[in-house]
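Here is a short tour of one protein model. Keep the sequence and the 3D view open while reading.

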Amino acid sequence: MKAVKRSATLLLMLVLVFSLSLTGCSKKEDSSSPSPSDKATTAPTEASKAPAETASADPAKDLKPYTVKLVYIGAAQKDEQKVEDAINKILEQKINAKLDIAPIDWGPWDNSTNLMIASREKFDIMFTAQWRYYATNVAKGAFLPLNDDSLKDVGNLIEKYGQGIKENLNPAFLSGSQINGKNYGIPTNKELAAQGGILYREDIAKELGIDMTAVKSVKDLDAVLKVVKEKRPDITPLYLKDGETLNSHYMAGFDTMGDDGTPGIIFKNGTETKVVSKLDTDVYKENVKLARDWMKKGYINKDAAVATPSTQDAMKAGNVFMTFQSLKPGKDIEMANSISTPENSFVGKLKQIALTDATISTGDTAGAMLAISSTSEDPARAMMVINLLHTDKDINNLLNFGIEGEHYTKVADNVIKAGPQAANYSPGAAWMLGNQFLNYIWETEAPTKWDDFKAFNSQAKASPALGFTFDTSKVKTEIATCKDIMKEYDATLDTGSVDPDTVLAKYVDKLKKAGMEKVIAEKQTQLDAFLASKK
């Protein structure tokens, strides 16, 4: 009960700070004070060594030209170079830098980034998240600590070049995403809470006479999928892929207290703080059995275990009825706008239904971050770019929405609609890149979007482990072995591609032999110490 009270108190603090940060953003935008663009952190005489306060009146002149390589998850865009050129006109004036946008699609992301990290490839900024091996990659030394005064040559990057981030970002994001007091990534400024549910094609539901208001739980979906399968055999009733299934953290409620590559969970929506294997939980077992049943009935895409298109791309193709999603207010409208083209609009065709309670865990504060690679040749310049993504509205919206008049057109000061060339640049990655409160709002989105976010966060339930992040350094070998085994089994079991009655026991046995119980014991020890320190 004490753990619950602590989490509730921390949640209240998070929401209050979040609300104040939104109010602050609003006041800054409405005032006559300099815009975020004008207040971007100035650069040092030598970007990699001198402190920011020694910069001249025109800092860009004091810097050697440098290209910052940004790696994030997403499909390459046809007009990527055109957008880069527009961004670079601004970046060169501000910090004498250029941006090299280097997206990697969802399918090859893990293998490609693992190779980049293992081979010590030179790049500057990489998207990371607790659900995408953040803690594991920190333990590998892939990312630089950003708030370390003793960091060789550059010192405390956030203090020197990230003051705009500190002014605009809810402190809960920075504190919640730390590992042993160190920040290895800058979180996106966005919603705090997470909630599982579905996005579906409302137009198809109406066409088939399906009453979606009757859907209150996952079990209610069976009857819906059955009708879609029978009456529209030309479309996939439910699109699944690795990481987007019933056992995704936002659907199952798992809190791994680190990244999804480490065994051991508690439930975000519970009160129990005993760390267990998710494979032993009733939730997991029921989910893999249900997924298997749906696969056998033909409701799920047959290639689900190896499918590479994102759920966004799958919906954009037009032949998918439903996907599981981590929801937030207006996610359906946001998705519809991001996948629409002048030739094929999805606006008004997508709707969302929440199937779980909203929760907040440490993983949610670290659910989308930009890290600086330990191979970067100019970490200071990389931090300047991240700072600008949090403070400069022009740069932020260029990267996320493209060029005005081509990829979007304005219908009001901060409201946009798809432009004639929208199909050539629509990355749909705003939730990964900087400060969402600088983003334009689509004309079909609610004008109260940010107030809706505040209400969404205020009713969320806090995980008992909120504020705790597992340090993997003592069990790196065991985690590496377990991670390989999890890659072998998770996708096939979670998508219903194999029979859990014949496979699950083998999976458990392999993980135990690889040291799963040692990892869970270490996670429990650290969690207990964290909870004791908060009494």
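**Overall picture**

This is a predicted model: local features need pLDDT of at least 70, side-chain atom pairs count only at pLDDT 80 or more, and totals for chains, interfaces and linings use all residues. Residues are numbered from 1 along each chain as its sequence is written, and side-chain values use heavy atoms, with hydrogens and water left out.

The protein has 20 helices and 16 strands. Both are DSSP runs numbered from the N terminus: helices are H or I with at least four residues, strands are E with at least two. Of the 535 residues, 58% count as buried. Buried means under 20% relative accessible area, exposed means over 50%, and partly exposed lies in between (1.4 Å probe, protein chains only). Contact means heavy atoms within 4.5 Å. Among contacts between residues at least 6 apart in sequence, 77% join residues at least 24 apart.

**Cavities**

A cavity is a set of points, on a 1 Å grid over the protein atoms alone, where a 1.4 Å probe fits but cannot get out; lining residues have an atom within 4 Å of a point. Grid points are joined across faces, edges and corners, and a volume is the space filled by probe spheres set on the points. By this rule there are 5 cavities of 30 Å³ or more.

For the residue classes, Ala, Val, Leu, Ile, Met, Phe, Trp, Tyr, Cys and Pro count as nonpolar, Asp, Glu, Lys and Arg as charged, and the others, Gly among them, as polar.

| Cavity | Volume | Lining by class |
|---|---|---|
| Largest cavity | about 110 Å³ | 3 nonpolar, 6 polar and 4 charged residues |
| Second largest cavity | about 70 Å³ | 4 nonpolar, 4 polar and 2 charged residues |

The largest cavity is lined by 13 residues. H249, T256, D260, S361 and G363 lie nearest its centre. Strand β7 (254-255) and helix α14 (362-365) each supply at least two residues of this lining.

Which residues line the second largest cavity? They are W109, D110, T113, N114, M126, F127, T128, R132, Y133 and N137. The elements that give two or more residues here are α3 (109-118) and β3 (125-128). Helix α3 gives the most, with 4 residues.

Most residues other than glycine have a negative phi. Y133, part of the second cavity's lining, has a positive phi near 65°. Y133 sits in the loop between β3 and α4. With a relative accessible area of 15%, Y133 is buried.

R120 also has a positive phi, near 60°. R120 is in the loop between α3 and β3. Its relative accessibility is 43%, so R120 counts as partly exposed.

**Helix α18**

Buried residues of α18 include E478, I479, C482, K483, I485 and M486. The buried residues of α18 pack against α3, α4 (134-139), α11 (282-296), α19 (500-514) and α20 (516-533). After α18 comes G496, with a positive phi near 80°.

L279 lies in the loop between β8 (266-267) and α11. At 2% relative accessibility, L279 is buried. Beyond four places in sequence, L279 touches Y284, K285, L504, Y507, V508 and L511. L279 and V508 are 229 residues apart in sequence, but 7.2 Å apart in space, C-alpha to C-alpha.

F456 lies in helix α17 (residues 449-458). Is F456 buried or exposed? F456 is buried, at 7% relative accessibility. Leaving aside neighbours within four places, F456 is in contact with E191, A193, A194, Q195, L327, K328, P329 and A358. F456 and E191 are 265 residues apart in sequence and 8.2 Å apart in space, C-alpha to C-alpha.

Technical notes:
1 Å grid on protein atoms, 1.4 Å probe; cavity = no way out; pocket = protein on both sides within 12 Å on 5 of 7 lines; lining within 4 Å.
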